[in-house]
Amino acid sequence: MPRGPEAAAAMEEDEPELEAGLEAALELAPAVQAAIEQVFPSQDPLDRADFNAVEYINTLFPTEQSLANIDEVVNKIRLKIRRLDDNIRTVVRGQTNVGQDGRQALEEAQKAIQQLFGKIKDIKDKAEKSEQMVKEITRDIKQLDHAKRHLTTSITTLNHLHMLAGGVDSLEAMTRRRQYGEVANLLQGVVNVLEHFNKYMGIPQIRQLSERVKAAQNELGQQILADFEEAFPSQGTKVAWLDKIDRRYAWIKRQLVDYEEKYGRMFPPEWCMTERIAVEFCHVTRTELAKIMRTRAKEIEVKLLLFAIQRTTNFEGLLAKRFSGCTLADGSVKKPEVPLPSTNPFLEDETGTETDEIVIEKSDMDKPKKSKVPDNPFHGIVSKCFEPHLYVYIESQDKNLGELIDRFVADFKAQGPPKPNVDEGGAVLPSCADLFVYYKKCMVQCSQLSTGEPMIALTTIFQKYLREYAWKILSGNLPKTTSSSGGLTITSLLKEKEGSEVAKFTLEELCLICSILSTAEYCLATTQQLEEKLKEKVDASLVERINLMGEMDTFSIVISNSIQLLVQDLDAACDPALTAMSKMQWQNVEHVGDQSPYVTSVILHIKQNVPIIRDNLASTRKYFTQFCIKFANSFIPKFINHLFKCKPISMVGAEQLLLDTHSLKMVLLDLPSIGSQVVRKAPASYTKIVVKGMTRAEMILKVVMAPHEPPVVFVENYVKLLADCSTDTFQKILDMKGLKRSEQSSMLDLFRQRLPAPPSGVENSSSLSLSTPTPEQESSRIRKLEKLIKKRL
């Protein structure tokens with residue numbers, strides 16, 4: 001319809017509003033825009049959501065020259081607009097008929113559904129009529145089929161009933177005639193047939209047949225038992241005393257052989273009748289032996305008990321070889337544990353075999369290991385009855401070990417200490433090997449007898465005599481020191497002259513100490529092995545009660561005492577030389593020469609003692625190292641204490657002392673390998689002690705050599721070199737320099753001012769050192785006491 005001028009003017013006026021509305025309508029959500037781009041992908045800039053007209057125009061006309069083509073571009077855009085208008089018009093017109101077409105299609109679909117429903121209903125009616133017709137046709141056939149099935153069941157049941165009735169009659173007749181071979185097959189068939197009538201037991205006739213079968217079974221059982229009792233006449237079960245126990249086992253062996261020959265084929269192999277007879281014999285024997293041993297407990301001797309146990313364990317081993325143990329009803333029989341292979345003598349396989357006696361000699365230690373014995377399911381099946389009487393064995397071992405220790409003591413007194421033999425590197429006392437061999441024998445015996453409480457009782461006995469051996473044989477034979485202060489007594493003080501030597505241990509005594517130390521180390525290691533072996537042998541529930549730590553500590557004490565004796569002996573031998581050093585007039589020394597005589601004396605003693613000790617402790621190198629460390633810890637403080645006694649000291653005297661100190665330091669550093677053809681590097685722990693201690697001695701002498709003027713510089717040098725905050729030590733340094741009391745007083749004041757303030761509530765270092773004397777001060781007091789005694793005597 002043509003538009004008038006007014007309409008055109010109105011449209012022109014509404015164009016801005018229309019454009020704004022179109023722009024608002026075209027601003028789609030980002031998700032909608034993404035979906036449109038996915039369905040209608042386009043590379044045209046006009047299709048972009050962020051289309052910019054200005055940028056698009058600038059793209060078409062980037063330069064002024066390109067404006068020459070503006071008419072062509074405008075024509076293309078107009079052509080595109082017309083095409084879009086045509087497409088939109090076609091789509092709009094096409095949508096006008098969609099609603100009408102949809103309604104028409106829906107009506108046609110409804111009509112088709114009604115027609116389909118009618119056809120389905122017609123088919124269902126016809127199917128029901130057909131099913132009814134089939135039922136009427138097959139009704140008579142089903143009746144005939146049920147009749148056939150019932151008839152078949154009836155015939156089968158009557159056949160089974162006939163078989164059951166005939167079988168029961170035959171079973172009763174064969175039972176009366178004792179035809180067991182025929183009865184065995186017939187009875188199984190009757191029982192199988194009877195199972196078909198379980199649901200008919202309400203019928204009296206069927207119940208009567210079932211009762212007749214049970215009665216026949218009971219009668220058969222009674223007859224067979226009576227026949228067996230007649231075939232195996234029981235003899236009187238008389239139990240002889242323990243000395244005849246081997247005859248009892250010989251008797252059952254013969255009986256089992258006869259049974260196998262005569263009656264073995266009468267029973268199925270899976271019944272294991274021979275093993276059952278043997279197991280029953282074991283139960284009866286255990287019960288009867290327990291009764292007779294309770295009655296005659298006072299008559300049980302250890303040899304007789306061990307004899308009976310040995311014969312019993314041999315018999316149990318024979319049963320294990322012959323039978324599998326499948327008939328053992330309970331799991332109470334304990335299977336022995338198989339020990340692990342090891343080079344430890346206490347970890348050897350010590351399970352007894354079939355020998356006449358349980359005897360382990362010393363030579364057994366050198367024998368090759370025996371093969372492992374397999375688990376014995378019959379272990380303890382008879383021998384458990386002996387366990388309540390094992391106290392006899394424990395008491396016997398207590399007595400034997402006591403006598404053994406007494407014999408060791410007597411032999412040591414008779415034979416005396418071992419002869420010095422440096423080549424062997426310190427021999428272990430032979431008595432300790434004998435002791436542990438006997439321990440091994442006892443442990444093996446007891447583990448074969450029982451792994452319960454008797455093993456705990458035996459462990460207690462072991463502990464007792466390990467301690468006795470440690471104190472009576474080892475500690476009891478250590479050479480006695482005459483005094484704790486370096487081995488000096490009043491008698492030795494009376495005989496002591498200037499420069500004389502104090503009494504020392506002889507070569508035999510030194511070798512004896514080293515031998516006892518090596519023996520204690522062997523006992524310590526072997527006791528630990530013994531504890532491990534006992535824990536393996538004893539029941540798992542009793543393992544926590546096996547503890548030999550106290551006995552190991554005892555041997556450790558013996559080792560420590562032995563090392564202390566060696567240290568005290570060498571330390572005491574050096575005392576006269578140190579005393580001579582402190583008595584020298586060091587203020588009168590005019591020139592520095594070679595090392596002083598007292599240094600030569602100390603070195604001589606070291607060279608005499610240390611090689612002997614080292615060679616005799618060659619097998620226990622770690623304890624030789626301990627000896628060296630303890631000697632250094634004892635000698636160096638004593639040497640420093642005697643340095644403080646050297647007063648006053650001139651500059652030359654201090655230089656000589658410094659030279660002597662360096663010589664002693666070199667000797668001490670070389671002490672572990674002194675006099676040895678094989679030079680070994682000293683352990684770092686020992687070297688650290690020597691360097692630290694002797695360096696302190698050198699620093700003391702260097703402080704003494706330093707000038708005391710000006711005092712402030714001297715105090716600073718003292719603190720720097722010694723780092724010692726003790727006023728006592730500083731006082732001793734001043735005494736060594738020979739300063740006057742007035743000079744010392746000013747020096748002490750400067751030193752105290754230099755010291756850091758002590759924490760609140762804590763006394764100053766001087767008072768602490770006075771209240772708690774150091775080892776150096778204690779040694780000084782002892783020496784003063786010795787001098788006072790000499791002077792008065």
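Rings of Phe, Tyr and Trp (its six-membered ring) are taken to pair if their centres lie within 6.5 Å, with planes under 30 degrees apart counted as stacked, over 60 as edge-to-face and the rest as tilted. The model is predicted, so local features need pLDDT of at least 70 and side-chain atom pairs count only at pLDDT 80 or more, while totals for chains, interfaces and linings use all residues. Residues are numbered from 1 along each chain as its sequence is written, and side-chain values use heavy atoms, leaving out hydrogens and water.

The structure holds 16 aromatic pairs. Among them, Phe-436 and Tyr-439 are edge-to-face, because their ring centres are 5.9 Å apart and their planes stand at 85°. Tyr-718 and Phe-751 form an edge-to-face pair, with 5.5 Å from centre to centre and 80° between the planes. This pair links distant parts of the chain, 33 residues apart: Tyr-718 lies in helix H21 (residues 711-722) and Phe-751 in helix H23 (residues 741-754). Helices are DSSP runs (H or I, at least four residues), numbered from the N terminus. Tyr-718 and Phe-751 are buried. Ring pairs also join Tyr-249, Trp-251, Phe-281 and Phe-315 into a cluster.

Two backbone features occur in loops. A cis peptide bond, with omega of about -10°, joins Lys-647 and Pro-648; Pro-648 is in the loop between helix H18 (621-645) and helix H19 (651-669). Cys-272, although not a glycine, has a positive phi of about 50°, and is found in the loop between helix H8 (245-263) and helix H9 (273-295).

Definitions and conventions. Buried means under 20% relative accessible area, exposed over 50%, partly exposed in between (1.4 Å probe, protein chains only).
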